Amino acid sequence: MLSSDEKKILRIRKFEEILNSNFKIDENTLILVDIDDTVFSSPSHYGACVDFGRQMYEMVKKTGCTFQQAKILITPDWIRSQSTIKTKLVDDAIHTFFTYAREQGATIIGLTARQPAIAEVTYKQLTKHKIYFDKLENLIYSQKYSKNLHSNEVLCKEMKHLNHEIEVLFYEGILFCHDLNKKGEVFDHFYEKLLAYRKSNNLKPFERWGFIDDAEHNLVSVKSTAAKHSVDYFAYHIQSSPYLYDAKEARAQEKISKIEEEKGKESHHTRRKSIDLGQYRSLIPSYIHDGSKLERRKSMELLVTGKHR
């Protein structure tokens with residue numbers, strides 16, 4: 001049986017369905033959009049959100065830590081995966097929705113559980129799909145939340161040197177909430193800053209919010225914040241196409257990705273050496289023939305390449 005909150009959530013498969021609902025979009029409308037499995041997803045098993053969850057589960061089994069601790073421990077692997085995988089749009093018609101909303105004067109902000117550490121990678125992923133959020137020029141926001149991950153929990157040895165100040169950041173129109181925080185709580189604090197920004201630009205407070213996310217608990221979390229600020233709230237639970245996740249295939253794809261990454265580093269290093277050597281050679285006259293000067297030339301090349309030609 002659905003709760004009262006869930007009954008107010010509209011389930012959709014396409015962004016165009018929002019335009020067919022009773023959600024009014026104008027200059028007094030704020031649209032919040034999740035990113036993972038809402039805007040784009042991984043077409044492979046490796047780098048998918050379900051793969052991130054699987055790795056957390058394996059970390060808990062292996063070390064005895066909690067899921068919160070596991071999230072921190074495997075974050076570097078998650079960032080690496082997002083830096084290398086290709087992504088696909090969940091709905092190709094998202095551009096039509098963004099264009100229409102902007103034509104009506106609405107403000108569109110990204111609201112993601114991703115961490116600030118992956119902000120630049122996320123922006124690059126979005127730009128590849130020509131997805132842009134409203135940067136809100138001169139609005140600067142960052143915050144830190146203190147999290148006690150150790151009370152009444154098994155302490156992982158790996159956690160001893162980790163910082164438990166959980167950072168939040170607004171970057172390129174996207175609020176990076178960090179998945180150890182509740183989106184509603186983070187957005188509540190950010191919204192105070194956003195209201196001040198609107199006022200400084202002679203704009204009225206928003207009358208309504210629309211939030212699109214693939215996770216119901218995020219939609220419910222932001223609903224309570226909307227009620228606090230007395231705005232109309234429209235929640236859209238986007239349903240992505242189901243697929244069969246294969247953990248073994250994900251690990252195989254991860255190995256291939258790491259091999260390709262190493263090859264790319266080696267290739268870059270080789271090109272860098274070639275450029276450096278070329279710069280040094282350009283400083284050495286080609287007409288040097290006597291032995292002493294030739295030895296000096298060889299010595300210079302040795303400094304760059306580590307070997308004589």
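In which hand does α3 pass α4? The structure shown above is a predicted model, in which local features need a pLDDT of at least 70 and side-chain atom pairs count only at pLDDT 80 or more, whereas totals for chains, interfaces and linings use all residues. Residues are numbered from 1 along each chain as its sequence is written, and side-chain values use heavy atoms, with hydrogens and water left out.

The crossing of α3 with α4 is right-handed, a term that applies if the near helix is turned clockwise from the far one by less than a right angle, anticlockwise being left-handed. Helices here are DSSP runs of H or I with at least four residues, and strands are runs of E with at least two, both numbered from the N terminus. The axes of α3 (residues 49–63) and α4 (residues 67–84) come within 9 Å and cross at roughly 125 degrees, these axes being lines fitted to C-alpha atoms over the stretch in contact, with angles that run from 0 to 180 degrees between N-to-C directions. That angle makes α3 oblique to α4, since angles under 35 degrees count as roughly parallel, over 145 as roughly antiparallel, 65 to 115 as roughly perpendicular and the rest as oblique. On the α3 side, C49, F52, Q55, M56, Y57, M59 and V60 meet F67, A70, K71, L73, I74, D77 and W78 of α4, where contact means heavy atoms within 4.5 Å. The residues of this contact divide into 11 nonpolar, 1 polar and 2 charged; Ala, Val, Leu, Ile, Met, Phe, Trp, Tyr, Cys and Pro count as nonpolar, Asp, Glu, Lys and Arg as charged, and the others, Gly among them, as polar.

Helix α4 also holds Q82, which is buried, with a relative accessible area of 3%; buried means under 20% relative accessible area, exposed over 50% and partly exposed in between, with a 1.4 Å probe and protein chains only. Apart from neighbours within four places in sequence, Q82 is in contact with G47, R114, I118, V121 and Q125.

In helix α5 (residues 94–103), the buried residues are I94, F97, F98 and A101. Seen down the axis of α5, they fall within an arc of 95 degrees and so line one face of the helix, the arc being that of the directions from the helix axis to the C-beta atoms. An α-helix has 3.6 residues a turn, so residues three or four places apart point the same way. The cover over the buried residues of α5 includes α2 (16–19), β2 (29–33), β4 (88–89) and β5 (107–112), while T96 and E103 are exposed on the other side of α5. After α5 comes G105, with a positive phi near 95 degrees.

A positive phi is also found at N138, which is not a glycine and has a value of about 75 degrees. N138 belongs to the loop between α6 (119–128) and β6 (142–146), and at 70% relative accessibility it counts as exposed. In the loop between α8 (216–228) and β10 (232–238) lies S230, another residue other than glycine with a positive phi, near 55 degrees.

The axes of α7 (residues 183–200) and α8 come within 7 Å and cross at roughly 35 degrees, and α7 passes α8 in a right-handed crossing. Here K183, G184, E185, F187 and D188 of α7 meet N218, S221, V222, T225 and K228 of α8, a contact with 2 nonpolar, 4 polar and 4 charged residues.
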